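Please open the model in your viewer and keep the selection panel at hand.

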Amino acid sequence: MPLEICKDPQSLRSRLGAVHREGKTIGFVPTMGALHDGHIMLARTALSQSDHGVVSIFVNPKQFAPHEDFDRYPRTLEADCAKLEEAGVHTVYAPAVEDMYPQGFQTTVTVADVSKPLEGEFRPHFFAGVATVVARLLLQVGADKAFFGEKDYQQLQVVTRMVEDLAIPTQIIGVPTVREDSGLALSSRNAYLSPEQKQIAVQLSKTLFRMAEKIRDGEDFVAVEGWAMLSLMKAGFEKIDYCTIRDKRSLQTPSAAAVPEDMRILAAAWLGKTRLIDNIQV
Ligand code: AMP
């Protein structure tokens, strides 16, 4: 089945209506485009677990604050579609802003506790923007399964909670982060980095992996976090929003009884105007 690009909800509905009627299962991957191998891994995973693969491409204005990079976010629809076609994706959904948020749109979906720490502190409107668009996309696509990257680990927890709470009948599946050989997590925002900044960026994942070793060796959390902050500053990061060890489900500080398997290390740090995030399991 050749790739079809649906640019509005009506064409998506008629395309997927036929798929549903044939009794095929749908696997869905929401993205903001500027696709890299991490996104393609999500698409391939979706295709391996369903009959029909749908990828959405929508740069969601609601999840950017006015000072953030909405305007300069890379938009590469043609190249994205070529990559998705090669991967075997069946349908691309690339709606316009007016289609996602028609005149009169008033609803916001907020997920409480798990949205609050970390990204929620530094990007206060971000998760409401994500939850609102993801809820709308999940309802429009009606997929059996939707695939999200662990790269955005807190987002994966927020979406999982939302789907459970709103009884949206789509199973949410997390996919491990795809990295360069250097360890750098693939990200559309890596395109903003100069060659010098990229050399520094590599130290982010290296620091997280070293933190995990230290925790497994029994070192004190506060000391490990302090060491990591200093290492990142020394490496050349200009500002570190957070670099911290958390309970992998609640994203709160782990309890005294927590074992390494319960912990996730998450970080966000700046190089010039570019904000990078990464996280790993301890
Ligand atoms: P984005 O368009 O970058 O906001 O992300 C769309 C989806 O791709 C999200 O579920 C991300 O978590 C996922 N994603 C982004 N980067 C990676 C990566 N390096 N590895 C795996 N998934 C990723």
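A polar contact is a pair of N or O atoms within 3.5 Å; within protein, one atom must be able to donate a hydrogen and the other to accept it, and residues adjacent in sequence count only if both atoms are side-chain atoms. This is a predicted model, in which local features need pLDDT of at least 70 and side-chain atom pairs count only at pLDDT 80 or more, while totals for chains, interfaces and linings use all residues. Residues are numbered from 1 along each chain as its sequence is written, and side-chain values use heavy atoms, with hydrogens and water left out.

**The ligand**

Select the ligand and then Asp152: a polar side-chain atom of Asp152 is 2.7 Å from a ligand oxygen atom. In His39, an N or O atom of the side chain is 3.1 Å from an oxygen atom of the ligand. Now show the 16 residues around the ligand (those with a heavy atom within 4 Å of it); Met32, Gly149, Asp152, Val178 and Leu186 come nearest.

**Strand β3**

Next, select residues 52-57, strand β3. Helices (H or I, at least four residues) and strands (E, at least two) are DSSP runs, numbered from the N terminus. Because 6 of its 6 residues are buried, β3 is largely enclosed by the rest of the structure; buried means under 20% relative accessible area, exposed over 50%, and partly exposed in between (1.4 Å probe, protein chains only). In a regular strand, side chains alternate between the two faces of the sheet. Here His52, Val54 and Ser56 are buried on one side, and Gly53, Val55 and Ile57 on the other.

β2 pairs with β3 in the parallel sense over 6 bridges, and Gly27 has Gly53 as its bridge partner. β3 also pairs with β4 (residues 91-93), in the parallel sense over 3 bridges, with Ser56 opposite Tyr93.

**The nonpolar core**

Finally, select Phe28, Val134, Leu138, Val141, Met162 and Ile172, which touch the most other members of the largest nonpolar core, a group of 41 residues. Such a core is a set of buried Ala, Val, Leu, Ile, Met, Phe, Trp, Tyr and Cys residues joined through side-chain atoms within 4.5 Å. Helix α6 (126-141) is among the elements giving two or more residues to this core, and its 10 residues are the largest share.

Definitions and conventions. Two strands pair if DSSP finds at least two bridges between them.
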